[in-house]
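This briefing is meant to be read beside the sequence and the coordinates. It moves from strand pairing to the ligand shell, and then to single residues that deserve a careful look.

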Amino acid sequence: MSRVRIGILSPLPLAATLSSVAYHLLKGYLEESGAKVYVYYFEDGRLASIGRGSPQPRELDALLVSVTFELDLPRVVEALRQGGINPDASSRGPGDPVVITGGPLPTANPITSLGFSDAIVIGEAEPLLDSILDALERGSRSSRLRALADAGLLVPGHSPTPVEKVYTKNLDEAWYPTRIYIPRGVEPVWGYSYPLETSRGCGRGCRFCMEGFVFRPLRHRSFNRLRELLEEGVTVNDVNKVSFYSLSFFDSPHAERILSYAVEELGLDVSVPSLRVDTLTSRRIELIAEGGQKTLTIAPETGSCRIARAFNKEISPSRVVDVASEAVERGVRTVKLYIITPAPLEDGEAFEGTLSLIEDTARSVKRLGGVLRVSVNPFIPKPHTPLQWLGVPSERDFRERVKRLRATARRIGVEVDFYDLKLARVQAAIGRGSWGVERLVIEWGLRGVGLGALRAAANKLGFNLEEMWGPLKEDYNPPWHDLVRLPGASLDLLRREYEKFLGLARSTCSWR
Ligand code: SF4
């Protein structure tokens, strides 16, 4: 049994932290291994812990930090500082805890997180947890770091690069939590429910989607394993709801069966994640509605055939309208559409296609008494995707789209929210940051967690943020490809996919 004292640090508020499968998995597995586990989160600018009597993070052997996206980074820096740990990993001494970071962003581009991390998990943590605990049992800090590098983590100064992504080969054999850890009086974002991960990875290859490339390959839990976890999970935790987790739920060959089992055999309420429209059948919509889900989230991204095909996510507007309408007919109250605009190479005609998609869906949903909500994001280039060489759309184009969408929304009575272009730029600039961005992240976090703090840090260190969120040279080989090797996301493959994107985005196409 391990005697390690370890912290889990989430840079998110408590309710969001409790909704993460990774939190329940890490806490459960580490405690079962005998480690003493403390959980920290970041709420309203303050580091806080779950439960009383948690030590200061600086007193622990190690801290496991999760980073999902770019705006988490300054929060991690500030949380470390408040926890008494020097945010600059290179300045830590022999008595300091080892800071181990993981998550989709550090896997896609570890440079973003190298400034504050002693070691980075490239890929998935479960297969490494035993080795991490063993490494932390070693005496000195340097022998711990060497052991972490030997186990397959990226440890600056100790790991030969590129580091191969580590991932669970067989989900059925992997440890999975049946007990969830929700403190009394706190409601997770998805309510009180048992979180059940049905699949991991996604085989679709939408060219803008970082999760799709970073979580490859696609793996599924078997029906028997899902049933076993579900039965135990709802009993142990005394909940009557299950939240399914996966990137594309119905791509699992067992998704419909386990959904039907949950709803019709066990009588549970369900929450299913964002769904691909082309996987939704009448039966599946019926089950979702019967399971009490009131909002159906779908992400067609665009109404333009040309852009949809170039994105490799070709979902026709008529299919979106049919699915949204059927969902409302069967009892879903709200349909939520995710749209990317401006998309790269999206001209006026392509945007008109997106407006028509929204209008047609709204008309149909409202006629049936439902509500349509639209969430609009400008295109954000992400590391380790085929579109990583493109820039964030211009402010002029974004404003123009916002104006048109607002006018349309008012006219047809639809709620639209827009992701802030400034935040999109930060994601692109930092997420695709080259060498040096690890210092910028530290400086940013030491000055605050907002955009003013980032600008001040960039000015001080001489970074040109505008260049960083713009397009990259087409012959530029991003340095993250030298650091990590992710299956199904090699530089050559991404370049070929990028060329395909350009070819399709410049060709003609019409919905059949
Ligand atoms: S957008 Fe959805 S379906 Fe496409 S690759 Fe990403 S997770 Fe898969």
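Strand E14 (residues 334-340) and strand E15 (residues 371-377) pair in the parallel sense over seven bridges, where helices (H or I, at least four residues) and strands (E, at least two) are DSSP runs numbered from the N terminus, and two strands pair if DSSP finds at least two bridges between them. The model is predicted, so that local features need pLDDT of at least 70 and side-chain atom pairs count only at pLDDT 80 or more, while totals for chains, interfaces and linings use all residues. Residues are numbered from 1 along each chain as its sequence is written, and side-chain values use heavy atoms, with hydrogens and water left out.

- Four strands form an open sheet in the order E13-E14-E15-E16, with parallel pairing; strand E13 (295-301) and strand E16 (415-418) are the edge strands, each pairing on one side only.
- Neighbouring strands of this sheet are turned by 20 degrees against each other on average, direction ignored; axes are lines fitted to C-alpha atoms, for helices over the stretch in contact, and angles run from 0 to 180 degrees between N-to-C directions.
- Helix H13 (residues 317-329) lies across E13 and E14 and runs at about 175 degrees to E13, whereas helix H14 (residues 348-367) lies across E13, E14 and E15 and runs at about 160 degrees to E15.
- In helix H11 (residues 282-290), the residues Arg 284, Ile 285, Leu 287, Ile 288 and Ala 289 are buried, where buried means under 20% relative accessible area, exposed over 50%, and partly exposed in between (1.4 Å probe, protein chains only).
- The buried residues of H11 pack against helix H10 (255-265), strand E12 (269-271), E13 and H13, with contact meaning heavy atoms within 4.5 Å; H11 is followed by Gly 292, whose phi is positive, near 85 degrees.

**The ligand shell**

- Which residues surround the ligand? They are Cys 202, Arg 204, Gly 205, Cys 206, Phe 208, Cys 209, Gly 212, Leu 247, Arg 276 and Lys 313, a residue being near a molecule or strand if one of its heavy atoms lies within 4 Å of it.
- By class, this shell has five nonpolar, two polar and three charged residues; Ala, Val, Leu, Ile, Met, Phe, Trp, Tyr, Cys and Pro count as nonpolar, Asp, Glu, Lys and Arg as charged, and the others, Gly among them, as polar.

**Strand E8 and the residues around it**

- E8 and strand E11 (residues 241-245) pair in the parallel sense over four bridges, and Tyr 194 stands opposite Val 242 in E11.
- Tyr 194 and Leu 196 point one way from E8, Pro 195 and Glu 197 point the other way, and all are buried. In a regular strand the side chains alternate between the two faces of the sheet.
- Thr 198 is found in the loop between strand E8 (194-197) and strand E9 (199-200), and counts as buried because its relative accessibility is 0%.
- Leaving aside neighbours within four places in sequence, Thr 198 is in contact with several residues, including Leu 171, His 220, Arg 221, Tyr 245 and Ile 258.

**Ser 19**

- Ser 19 lies in the loop between helix H1 (14-18) and helix H2 (21-32), and counts as buried because its relative accessibility is 9%.
- Ser 19 and Pro 195 are 176 residues apart in sequence and 8.0 Å apart in space, C-alpha to C-alpha.
- Leaving aside neighbours within four places in sequence, Ser 19 is in contact with Pro 188, Val 189, Trp 190 and Tyr 245.

**Backbone geometry to check**

- A cis peptide bond joins Thr 161 and Pro 162, with omega about 0 degrees, and Pro 162 is found in the loop between helix H7 (141-151) and strand E7 (163-164).
- The peptide bond from Thr 341 to Pro 342 is cis as well, with omega near -5 degrees, and Pro 342 has its place in the loop between E14 and H14.
- Glu 301, in strand E13, has a positive phi of about 75 degrees although it is not a glycine, and Glu 301 is buried, with a relative accessible area of 8%.
- Leu 345 is found in the loop between E14 and H14 and has a positive phi near 60 degrees in a residue other than glycine; at 38% relative accessibility, Leu 345 counts as partly exposed.
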